[in-house]
Structures are given as structure tokens and as C-alpha cells.
Amino acid sequence: MTILQSAPGVRRAESVRGVNRWSILVLLCLSLLLITVDATVLHIAVPALTAALEPSSVELLWIIDAYSLVVAPLLIMFGTLGDRYGRKRLVLWGYLVFGLASAAAAFAPTPLTLILARGLLGVGGAMIMPATLSIIRQVFTDRRERAIALGVWSAVAAAGAAVGPLIGGLLVEHSWWGAVFLINVPILLALLPAARRLLPESRERTSRPWDATSAVLSVLGILAVAFGLKAAGSGHLPALAALPVGAGLLVWFVQRQRRLAHPLLDIGLFRDRAFATGVAGVLFGVFSLVGLQLMLAQYLQLVLGDSPLGAALRMLPLVLSAIAGGLAAAALLRRIGMRATMSGGLALVAVSLTPTLAWGVEPHSFVLAVCFVGIGFGLQVALLAASDTIMSAAPESRAGGAAAIEETAYELGAGLGVAVLGTITAVVYAPGVPTVSGVPAQAMEQARQSMAAAAHVARQTGGEAGAALLESARWAFVHALHTTIIVSVVLLAATAAAVAVLIRRDRGLE
């Protein structure tokens, strides 16, 4: 004890290697949970938010999607900045940005203000997330302990998106939609002093160059593509020009990475077929989950009439089965191998979605729970198998770059899932709502923006006209939901088949 007191440097090193490393893991996982929950916490709050702010269909998609679409391209940028200037410093600044953005989002008076606040939340999340993984690797020097820590980190990352709607339902039920953001503030106020005390400093590496041009190209390219996709949903043809512009910027970004000695994104890793297939598994798996989770949350509330809390509880089997899938994934990997685990998990999700194509506006409580169990279990098993494929395919010297690509695929899948599936829903839904006698033309135009807007207009209209509008909107939304489910099932089945064909031999745990 006296030796430790007389040697502060030794005390800090021993503290990190000793019992405090598990405290650090808890702190990092709580930070990660805030980030991943925010990607889906608004799904249950959509009806309440729509009634309060009355956003258009495009504005609503941006409110939900701005967070993930900002996080995705910034992950690699802030990951490299953390390596260059210190990860602890980046985490502390990330807490500050995330907290301020959460308060701004909670009290946003207009859709545009909320979109901007959600974008700022994405900046804060991108500052924190890559540093959590890097600090775990720094703190856990024993390989067996590091495997346990990374397994916990992975489970928290996957479970956060699933548990988001449950948290959102509880808060909206007992408060107002802004509470889903405001709850972040007291949590961050508790995490900030703990992080200052517990997190270790990392060595600054200013000798490695940082390419700001690549960072700008990736961010602008992804946002331009997303903007073009959302414009397609609103029928705003001039804005569709953003699609080729965004694609061109991303092509420029890839070409630049190939030329740089120290690229932001290690494009060379994609030459390994198993690595590229694993990334595709993460991207399309999360794409389907997060996009459909938004649509199913609205289906439960606006079509079946569940309360926010009731809808969240109905989605609980998805959360529990995802946890079970995370616990079972390692055993499945050892028993049947990586290829069968990943392709089988994706196929299970596709099969579990298929029964919903026969549903209308009537409840299917038991079958819905069974479908959610299959979706949650299959997806979590597939994601963990994909993660293992990615990390085992990359050499140890490039593990950091591989982890950054996996995190980016996760967030990009979430953002594009809402953008693409949300756009498909909007395109199919609007023409399916016929003009209802007794409802003014301007109100009908608002009702065609989204199912949540139609429910809001129907409540304001009241009487037989309001009831007729709500009924026609419910059936239009069910038809749109079926369309997005068909797209997701085809995509999941194609990805499962590609995994089975492209990963010829299993690696890692066998």
C-alpha cells in the first residue's frame, strides 16, 4: 500500500490492470448503450411527436434517421482522431456534445430544430463509440479477459437498438415525447465525473497524418445519398440530383483511400471475400431490423391501436430473443460453424417475417410474438457470426481498421434501413389513401404524409369522416408495410444465400 502511495504512475497502471478495469467496462458499456438506444428510441414516440410538431413525411424520416446517418460516416473520422489526440479527451467532449444535443432535442419547437439536434446527437455519439472499443483493447491486456469484455461490448451494442422502443414506450406513456432525449442528461452528468476519474489516458500519435478531405467526402457522400433517397419518397424530382452527387463523392472517397499511405478507411481489407461477406451481413441485417422495427412500431400503435407502452411490451419478445441469441451464438459457432450460423440466422429472420404478409388490421398476438422471437434470435446470431467473420478474416495488425468498418456498417445499415424502407413505405402509402368526403383537401394532403399524420388529422376531424379517414389510412399503411417486408425478405434471403456460397470454409471458433 505504501509503495502504491509513493508511486502514482504505478498506482494508475495497477488500477487499470486490476479491479478497476471491470469498472471501466461498465462505464464504457453504459456510454455505448446511450448511443445505440438513441438509434431506435424514437420509433414508439412517432405518433406523439407527429401530433406535437406535425412534420411532413420527409421531415419525419430525417428526424428518425439524421442520428444514424451522421454517426456512420463520422465513426472512422473520430476513431482516427482519438488515436491521434487521445481517446479519453474525445469521450469527455463527446459526453458534453451528446448532453447538449439531448437537451436541445427534448425541447425542439419545430421539425427542423429537432433534425439539427438529432444530427448533433450523432456527432456526440460518433465521438464516444469508437473510443469505447479502443479503450477496452487498451485496458484488457489479457486475451481471455479481452474476449469476455469484447463479447459484453458486442451484446450491449446489439441489444441497445432492440431495447430502444421499450424505453421510448415507457417514457412516452408517462411523460411526453421529449423525455426520450431528456433522460440522457442526468445519465451523462453521472458518467462525466466517473469517466474523468476512471478512463486511462492514451498515448497521442501525432506522427500519423490525418486526411480531412477523406472525412469530408465520406460525410457529404452518405448524407447526399440519404437526401436523394428521401426526396424520392416525397416526389421532389430536383432533389433526386443529390443521389448521383453523393455516389460520385463516395467513389472519389474510395479512390482516394486506395492512394493514401494512411487511409481513413482500410479499403484493402475488402479484398478478403470472408471479410467483405461479413460486412455485408452486418449492413443488411441491421438495415432490415431497424427499418422494419420503425414500421412495426407504428403498425402496433396506429393500426392495432396499442398504447406506446403496450406496443413496447409487445416488442419485448424481440429484445429477449436477441439476448438469447447473443448467449447462444458462441455455442452455435463452435457446433455448426461460421457460414451456417450467419446464413441460418439471416434465413430465420426472413422466414419469421413472412407470416406478416397475410396480416391486415386485425391483431395476431401469439403469432406476432413468435415472429418477433425468430427475428430477434436469428438476427443476433447472424450479427455475432458476422462480427467473428470480420475480425478473424483481418490480420491482427489491421484489427483496428476492421473494427471501425464493422461499426460503420452497423450504423450505416441503421440509417439506410430507415431511409430506404421509410421511403418505400411513403411512396406506396400516399396513393393508397383515397379522398374522404367531409375532410378538407389540405387535411387530406397532410394525412397522406404518413400514417401518424393521418391519425392526427382523423382525431381533429372527428365524426364519421374522421373514422373513415383512419380506416382507409390503416389499410393503406398495411399495404405499404407488406411492400417493405417483401423487400426485406428478398434482401435477407439473398444475403443468406450469398453467405452460404461465398464463405467456402469456416474460420475462427472451429
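I worked on a predicted model, where local features need pLDDT of at least 70, side-chain atom pairs count only at pLDDT 80 or more, and totals for chains, interfaces and linings use all residues. Residues are numbered from 1 along each chain as its sequence is written, and side-chain values use heavy atoms, with hydrogens and water left out.

**Entry: α16 against α21.** I took helices as DSSP runs (H or I, at least four residues), numbered from the N terminus. I looked up how α16 (residues 338-353) packs with α21 (residues 463-502). The angle is about 165°, and the axes are 8 Å apart. Axes here are lines fitted to C-alpha atoms over the stretch in contact, and angles run from 0 to 180 degrees between N-to-C directions. That makes α16 roughly antiparallel to α21 (over 145 degrees counts as such). I noted the crossing of α16 and α21 as left-handed (the near helix is turned anticlockwise from the far one by less than a right angle).

Next I listed the contact residues (heavy atoms within 4.5 Å). From α16 they include R339, M342, L346 and L353. From α21 they include I485, L492, T495 and A500. The residues of this contact divide into 13 nonpolar, three polar and one charged. Ala, Val, Leu, Ile, Met, Phe, Trp, Tyr, Cys and Pro count as nonpolar, Asp, Glu, Lys and Arg as charged, and the others, Gly among them, as polar.

**Entry: aromatic pairs.** Rings of Phe, Tyr and Trp (its six-membered ring) pair if their centres lie within 6.5 Å; planes under 30 degrees apart count as stacked, over 60 as edge-to-face and the rest as tilted. I counted three pairs by this rule. F107 and W176 are tilted, at 5.8 Å centre to centre and 35° between the planes. F107 sits in the loop between α6 and α7, W176 in the loop between α8 and α9, 69 residues apart.

I then checked accessibility (buried is under 20% relative accessible area, exposed over 50%, partly exposed in between, with a 1.4 Å probe and protein chains only). F107 is exposed at 54%. W176 is partly exposed at 33%.

F270 and F275 have ring centres 5.4 Å apart and planes at 80°, so I logged the pair as edge-to-face. F270 is partly exposed at 32%, whereas F275 is buried at 1%.

**Entry: α20.** I found α20 (residues 451-461) mostly covered, with eight of its 11 residues buried. Among them are M451, H456 and V457. G462 follows α20 and has a positive phi, near 70°.

Note on methods. Helices (H or I, at least four residues) and strands (E, at least two) are DSSP runs, numbered from the N terminus. Angles under 35 degrees count as roughly parallel, over 145 as roughly antiparallel, 65 to 115 as roughly perpendicular and the rest as oblique.
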